[in-house]
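Here are my notes on the model you sent, written as numbered points so that each can be checked against the coordinates.

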Amino acid sequence: MQDRRSDRRNSLSQPDVGTSRTRSRAKTQWRGSAIVVEVLTLTAMLPIAGCWSGSDAAVDPHSAPLLAALMADGQLPKTMQSGSMPVAPPRFCGAGFPGTDAGVMTPPSPSPAPFPNGRGGVGAAGSSSGLGSGMAGVGSAASAGSGGKGSAGVGVVAIDAGAAAGSGAAGMSAGTGSAGVSAAGTGAGGMSAGTGGGGQPDPSCASVPIGFWRFDDCNQSRTDLSDSSPQGHPAFRNVDLRCVDTQQGLGASIAATEDLVYAPDQPDFVLDQGVTVAAWVKPTRVDVTSTIFRKRDDADSAFALVVNGKKFQFVVKLTSGKLASVSASAQAGVWTHVAATYDGTFLRLYKNGSEVSRSRAVGQLVRGAGPLLMGNDINERRLRGVMDDAWFNTMAAPDATIMQLTCLPADPTIKVSPAVSPAVSAGTSVSFQLTMTNNNSASCPPASFASFVNAPQEFSVNPGFAQTAPIASGASDSLSFDVASSDITDAGSYALLFQVFSFDNAFKNLLQATAQYVVAEPTGCHVSSNRELTIRDLSVVDDPLRTSLAGPANDARTGAWSFSRMMERLSPTPADAPDVTEAMFRTFLTPQNVNGFSIPERPAMDSLVLQPWPRTSNGKLDLAQAPLRLLAIVDRLDLADLGTGKAGEARMVYGVLDSSGSPMDFTVILEYALPGSNAAQFRVWADAFHALQALPFPSEAYNAALQALTDKITRHGALPGAPNDSALIDIRTNEIALSFQFQWQLREFHLSPTTGFMEPATLFLTPDSSFDFSDRLARFINANEASILTETHVVPPSFDGAPFQAASVFNNFDFWDAPGINNPEARHKFSLNTCNGCHGAETQTAFLQISPRAAGQVSTLSGFLTGTTVSDPVTGQPRQLAELKRRRLLLESVVCSTQP
């Protein structure tokens, strides 16, 4: 053996193995006793243990030395040797827990509760006619306990199901101890002798492993291997051992002399009730002695499952000193599931789930106070080949469990019908059938498959999630999903992604199948929400020229939709734009007072936005590198107020980015007035937006026409006489990214008519939050009920002689209400039109109506926009909300009319 062997063994990531400072001594210890590997090859001549014939299997005195040699395994390093008898932790294996691991029941992680067996303790002294308690011990066997003294006392144990109880040590009558969750011993008077009781282990634990190492998490970065049993005992491999692909996942390739997997001894690795070991193995050689499993016991083994002389052989060592063995043929180059059990009476050997040999040997396994070795041992009798799914238990598993361990999960076959739906009108429900065929091996239990459908954001899917009944191997079942597009969905083909998985761990991958939902082109005059009302297509918002300043300076398209160009156009001069922008954002850093109400500072504005923002050589913000991304261009002709000269609004919606370019929960919305004071001027704007639909999409022609509209709206001089001659109504910010208290905040900024800079302003249609649930709010709603119902009301700066309109508002998923409001519908309409009501509980929106997006992704819309049903937060009545449909119908009533 080369010196590098001990180096590799010492590289195991567990302190049991030793350190490099003890390599020389450890090398000698690993060599163990004088028994060498060459001698052990003689065990090939051992007789085959046949089936039990009615008496204990006798050990041939000539074979005993060979069995002893097979069980001997050298001396462990001191750090890997166990000490005193461990205290076994509780196990819960009751049938009430659902199974997950390959059909074998796996309960949740245990919590403190009754131990399955225990040793009786010593009772505490009790007062006369009082209670004396006998404390239950813990361990592998119940034993007698002595109770407390008392003239008519009771010795009580209520610690564990294997508890032992007793009463006084000597006296007039004997006390007794009984098995159970509590075991009591009683004394008729004075001190009495007591006996202990022993509990029976939960039989369902025979099907639940103490350790189950699948090896699928084997990787180059660490040497621990997770345990998928409820006990959570990791195993470890040496650094050089490699895991390779197997018939399912990864397995341990025992390729080198030093390769080894082991699990350190654990408190619950107690063998007094028996043992089960099982694994898939593919040996390349079966003519040499090779360890599959071995539980160490001093310099020997408590049990060993080996390949020996072209056979699988299972050997146990009993407390009587007797060795017993059972064996069956082994084949090289073939995957075989091999399992062995001992229940205190029989040794059984299984191949591929079926018992093939047994031998009778009554007794109890020795302690086995050492690690569980897998694939190799201290004497380097390695399994030449691959090992997978190592399963270990301290009870003999039943036949059904052994068979279930041979289950080979396989991905199901999945198919969706129809693969392409017929062309249907937007909003039509189409039924899709998802058929799944269970391809697991025949030994697997029936598997239940679940699925959900990823559909475009505005689509609805019913049910949202579905699961089949258990499907037997080779059988099929189907799930039905009804999919409907939104009323705002444009004509085209839309991908549906069906995701399939199993709660039974029946297969490891999340599988997918696709289908197409086809929306037919509407007939007659119609409005396209996505091309005319809320334009989010990447061909627009990621237009490489119009959203960036990187294009030619003399090209009118360069930066046309950039935040930089918007700020240049609304500022007194383009050169003022950096200062106008920074001054607006810096108002977040100090408290502001608007309309008599205070706006608290948001200090994170400096560290998250202003400091990372690149600056030009003169120290000003570099707007060409502004950390804002275009999310949408929005047409709001529904907000027309011709009496004030407004034919509607148009909005440029931007998302703020962090220093790495990722989106923050922070949007900036620039809202512009469409000049117009009569129906004819309103119709001009409506026709201009509607004309976009007739253009190819996506296309440069469409983008050029849209730019012509936005340039007309956002340009300097768009509204002569307004501050800076700009048509800008306001800039609104909605964010939680700057909050240390995780509160959404809405702010509004107006152009100052004196300075031409942006300044904090009151919020449109929103009172200060202090008036929510107030008498003043009720008086306002009742006094303005008619205009609120038609949504033409105005929230004034003052009401009842005091400031009323908000300076800013936090949104804690709020709605507006107050005692004494006469009309619940007026309450709803008022709350719906406030900033925080619209972005909160009234619409059940998670604050943002248009979400920030990463590069290359389309912003999602809220259910309030696309269509949803919510419960009124006050009355509980269902309300159908579909804001884009409302806007579409309004625009259609104009542009589809023959009269201007």
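1. Basis of the notes. This is a predicted model, in which local features need pLDDT of at least 70 and side-chain atom pairs count only at pLDDT 80 or more, while totals for chains, interfaces and linings use all residues. Residues are numbered from 1 along each chain as its sequence is written, and side-chain values use heavy atoms, with hydrogens and water left out.

2. Disulfides overall. A search of the whole structure finds four disulfides, a disulfide being a pair of cysteine sulfur atoms within 2.5 Å. When the bonded cysteines of the chain are numbered in sequence order, the pairing reads 1-2, 3-4, 5-6, 7-8.

3. Cys 218 and Cys 243. The sulfur atoms of this disulfide are 2.2 Å apart, and the torsion about the S-S bond is about 90°, so the link is right-handed. The pair links distant parts of the chain, 25 residues apart, with Cys 218 in the loop between β7 (211-213) and β8 (224-225) and Cys 243 in strand β10 (residues 242-245); helices (H or I, at least four residues) and strands (E, at least two) are DSSP runs, numbered from the N terminus. Cys 218 counts as buried at 12% relative accessibility, and Cys 243 counts as buried at 18%, where buried means under 20% relative accessible area, exposed over 50%, and partly exposed in between (1.4 Å probe, protein chains only).

4. Cys 407 and Cys 444. Here the S to S distance is 1.8 Å, and with 95° about the S-S bond the link of Cys 407 and Cys 444 is right-handed. Cys 407 lies in the loop between α5 (399-404) and β23 (413-417), and Cys 444 in the loop between β24 (429-437) and β25, so the pair ties together parts that are 37 residues apart in sequence. Both Cys 407 and Cys 444 are buried.

5. Cys 525 and Cys 896. This disulfide has an S to S distance of 1.9 Å, and its torsion about the S-S bond is about -80°, so the disulfide is left-handed. Cys 525 lies in the loop between β30 and α6 (529-533) and Cys 896 in the segment after α18 (883-895), so parts that are 371 residues apart in sequence are tied together. Cys 525 is partly exposed, with a relative accessible area of 41%, and Cys 896 counts as partly exposed at 30%.

6. Which cysteine sulfur is nearest to that of Cys 835, which is in no disulfide? The nearest is that of Cys 838, 8.1 Å away, a distance that is too far for a bond. Cys 835 counts as buried at 10% relative accessibility, and Cys 838 counts as buried at 15%.

7. The open sheet. Four strands in the order β27-β25-β29-β30 form an open sheet with antiparallel pairing. Because β27 (466-467) and β30 (511-519) stand at the edges, each with a single partner strand, one side of each is left without a neighbour in the sheet. Strand β25 (residues 449-454) pairs with β27 over two bridges, and two strands pair if DSSP finds at least two bridges between them. The bridge partner of Ser 451 in β27 is Ala 466.

8. Strand β19 and its partners. Five of the six residues of β19 (residues 346-351) are buried, so the strand is largely enclosed by the rest of the structure. Strand β18 (residues 336-342) runs antiparallel to β19 and is joined to it by five bridges, with Arg 348 as the bridge partner of Thr 341. Their hairpin has three residues between the strands, and Gly 344 takes a positive phi near 95°. Strand β20 (residues 354-360) is also antiparallel to β19, through six bridges, and the hairpin of β19 and β20 has two residues between the strands, with Asn 352 in the turn at a positive phi of about 55°.

9. Nonpolar cores. A nonpolar core is a set of buried Ala, Val, Leu, Ile, Met, Phe, Trp, Tyr and Cys residues joined through side-chain atoms within 4.5 Å. The largest has 74 residues, of which Leu 570, Leu 670 and Ile 731 touch the most other members; its largest share, seven residues, comes from strand β36 (residues 663-675). A second, separate core of 48 residues includes Leu 225, Ile 292, Val 316 and Leu 347.
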